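Take a walk through this protein, from its overall outline down to single residues. Keep the sequence and the 3D view side by side as you read.

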Amino acid sequence: MSDGAKERKNERTKERKSERTKERKNERTKERRNEGTKERKSEGTKNRKLNNNIMESSKYTEIEFVINGQAVRRKIRSSLLLLDLIRDELSLTGTKAGCMEGECGACTVLVDGAPVNSCLYPAVNINGRNVLTIEGLSKEDGSLDEIQEAMVNHGAVQCGFCTAGMVMRIKAFFDECRSQNITPDREMIKKAIEGNLCRCTGYVKIVDAVESLF
Ligand code: FES
Ligand code: FES
């Protein structure tokens, strides 16, 4: 073989070697890239799962409370309204859903003795507190509480839709007057129940019933 031919052969061999080296390098780079992408992907998935778990658990809150004399512990949705807890989860359907805007008072219950519109009241706020609904008013033998009796005796219940809320509002007022030794006049009674709407009675009989309690 001539010298020239030898040189060309050597050059071609060199070229082929350097091409193979380049190819291997490129392949290794690709592999490393792929591995990096996979790792980042699986970390992203892990982080998303973790975030979802955190968000999911923050949607629920465990609360303890006493309702109508019974201690209850419950995990509830943090956004749950007291009315929905009472009616849908505790099946105490005596409390009525009226306007759902805090205007009619049909949903009134007592929290630590104070009347609240349960349609707007976050259920998480009863944690550690005492709730009284219309079901908790009647006595153990099933007989009516004195406020309920007065309402019945004075014809202050007609369709009855407002009655549970009205009675709970009157209960809060009655207890307050009793504790302060106050005998309210009709104006005070009207003022006390002004947040509770009744479409049937015209209020006179309700005021009569409350007046009869003192
Ligand atoms: S239903 Fe709550 S105020 Fe009307
Ligand atoms: S009795 Fe019917 S709304 Fe009051």
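Residues 24 or more positions apart account for 59% of the contacts in the protein with a separation of 6 or more. Two residues are in contact if their C-beta atoms, placed from the backbone, lie within 7 Å. The model is predicted: local features need pLDDT of at least 70, side-chain atom pairs count only at pLDDT 80 or more, and totals for chains, interfaces and linings use all residues. Residues are numbered from 1 along each chain as its sequence is written, while chains are lettered from A and ligands numbered from 1 in the order in which they are written.

Start with the outline. The C-alpha atoms fill a box of roughly 130 × 30 × 30 Å, taken along the principal axes. The radius of gyration is 37 Å, whereas a compact globule of 214 residues would have one near 17 Å. That radius is taken over C-alpha atoms, and the globule rule is 2.2 Å times the number of residues to the power 0.38. The domain assignment gives domain 1 (1-58) and domain 2 (60-211). Such bounds come from an automatic or database domain assignment. The centres of domain 1 and domain 2, taken over C-alpha atoms, are separated by 72 Å. Buried residues make up 26% of the 214 residues. A residue is buried if 20 or more other C-beta atoms lie within 10 Å of its own, exposed if 12 or fewer, and partly exposed in between, with C-beta atoms placed from the backbone.

Now the elements. The protein has 6 helices and 5 strands. Along the sequence they follow the pattern α-β-β-α-β-β-β-α-α-α-α. Helices (H or I, at least four residues) and strands (E, at least two) are DSSP runs, numbered from the N terminus.

Next comes the sheet. It is open, has 5 strands in the order β2-β1-β5-β3-β4, and its pairing is mixed. β2 (70-77) and β4 (114-117) are at the edges with a single partner strand each, so one side of each is left without a neighbour in the sheet. Neighbouring strands are turned by 40° against each other on average, direction ignored. Two strands pair if DSSP finds at least two bridges between them.

Look at one pair. Strand β1 (residues 60-67) and β2 run antiparallel, joined by 8 bridges. E62 stands opposite K75 in β2. I67 stands opposite Q70 in β2. The hairpin of β1 and β2 has 2 residues between the strands, and N68 takes a positive phi near 50° there. How many of the 8 residues of β2 are buried? The count is 0, and β2 is hardly covered.

Turn to helix α4 (residues 163-179). This helix lies across β3 (108-111) and β4, running at about 35° to β3. Axes are lines fitted to C-alpha atoms, for helices over the stretch in contact, and angles run from 0 to 180 degrees between N-to-C directions. α4 has 17 residues and reaches 24 Å from its first C-alpha to its last, close to the 24 Å expected at 1.5 Å a residue. The expected span is 1.5 Å times one less than the number of residues. Its buried residues include M166, V167, I170, F173 and F174. The buried residues of α4 pack against β3, β4, α3 (146-153), α5 (186-192) and α6 (204-211).

R178 is also found in helix α4. R178 is exposed, with 12 other C-beta atoms within 10 Å. R178 and K25 are 153 residues apart in sequence and 92 Å apart in space, C-alpha to C-alpha. After α4 comes N181, whose phi is positive, near 55°.
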